[in-house]
Amino acid sequence: MAKHDILTTTIHLSIDNGSSHIKGIYDDLNNSFIFPNVVAQPFGERFLLMEQGDPLDFLDVQITSPAIDTEQYRHVYVGNLAVGDEGIVHEIVGDKAVQKKAQRPETMVTLLTAAAYAIATKHEDAIKRGKNRIKAAVHLGTGLPIREITKFSEEFAQKITGGVHSITFVTTPIFKGVSVEMEFTLPSDISIDDVSGVYDMEATTKSQLSHKGFGIADVGGVDMDIAFFRPGLDLDQRHSTGAKIYLNDALESIRNEINAQGEELISSTAELTIMLVNKEYEIYAEGKVAFDMTNLVNRHMRILAEKVLKYARNSWKHVRYANEFWFIGGGAIVLQPWIEKLNAELGLPIRFDKSEYSQFRNVRGTFFLLEHALKQTNSEAAASMETQKETEAGSGAD
């Protein structure tokens, strides 16, 4: 293929690879997307009635990457397309949830797919005009849980930056047949998920967190990261910690109990998560209520809320300067009604982020950190160039 047929580009991208959903932002805070963290190995060929729809709902990709060494992840459905697929479906539950996020192959699959989607979306007009090969330099911001950041960030960074990664969209509408080759840099290194969310809250809310001592928990589908900050947004590394809460496993138990009725009424934990976030407790089939899961959800979520609140309080009681405690993240949205009910008896100064922002706090904060790192690099490069010019001018005068 002639060189002029290849579109070359650069993109600024932040990705929050959550256990329930993948969140992404590219180039501008308004360019955001989200899809379920579900990967499926296709069974047979995908049957197409028509080649149209939102590409984000039909992420059918082939992957060539030095970070993925098993054949089962070469051709996969990702996100909404993988939900309810008849093939081998991988959700972050059970054995997958026990694994480290940095070491799960699904983490790289979804990260690379999200990056390729962002790049293709950025250049959708060019693709519609016939461009089908893109080479992209990706300035990436992404993070790991507190429990993994020290031991696994270097290994994770090497997977991301250690070579060229290629994604080809197979049956995805608009992007069908498009190949995206990506090389990554990490200008802000690997960030801490929970800490990134705090930067976004400080930048966009009126809570004036920088003037306070506080604790914050990022509640995800598997992990719960707890961080404490002294006034001035000074991270307290000694008291910040993390734990596995396995929210996704609790949701999987609920799903299995519901589906034991004889019908697969809920196809995945991702689908159930969306229902709980929207407080939809009645399941409809054929226009009628097939199952009311209110009591079932209450039973499981109360137990989990007690566990989450216990983790938070056990950490908080040793941090005297923390006058309030915040919950953010997708898991916090799900568990908020039950945590608030438990706290009604305790009267603790607990705060919840606004549900419309909570799930995107980490990816937005990571984007801020990425942009700051890039501006700093550009400023240093400009200063260095100016110094070089002055030196050359001085040499010429001599």
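**Exercise 1.** State how many aromatic pairs a search of the whole structure finds, and classify the pair of Phe 169 and Phe 175.

*Solution.* The search of the whole structure gives nine aromatic pairs, where rings of Phe, Tyr and Trp (its six-membered ring) pair if their centres lie within 6.5 Å. The model is predicted: local features need pLDDT of at least 70, side-chain atom pairs count only at pLDDT 80 or more, and totals for chains, interfaces and linings use all residues. Residues are numbered from 1 along each chain as its sequence is written, and side-chain values use heavy atoms, with hydrogens and water left out.

Step 1: the centres of Phe 169 and Phe 175 are 5.4 Å apart, with 55° between the planes.
Step 2: planes under 30 degrees apart count as stacked, over 60 as edge-to-face and the rest as tilted.
Step 3: the pair of Phe 169 and Phe 175 is therefore tilted.

**Exercise 2.** Determine whether Phe 169 and Phe 175 are buried or exposed, and name the aromatic cluster that holds them.

*Solution.* Step 1: buried means under 20% relative accessible area, exposed over 50%, partly exposed in between (1.4 Å probe, protein chains only).
Step 1: Phe 169 has 1% and is buried; Phe 175 has 0% and is buried too.

**Exercise 3.** Describe the burial and the contacts of the whole protein.

*Solution.* Step 1: of the 398 residues, 52% are buried.
Step 1: among contacts (heavy atoms within 4.5 Å) with a separation of 6 or more, 70% join residues 24 or more positions apart.
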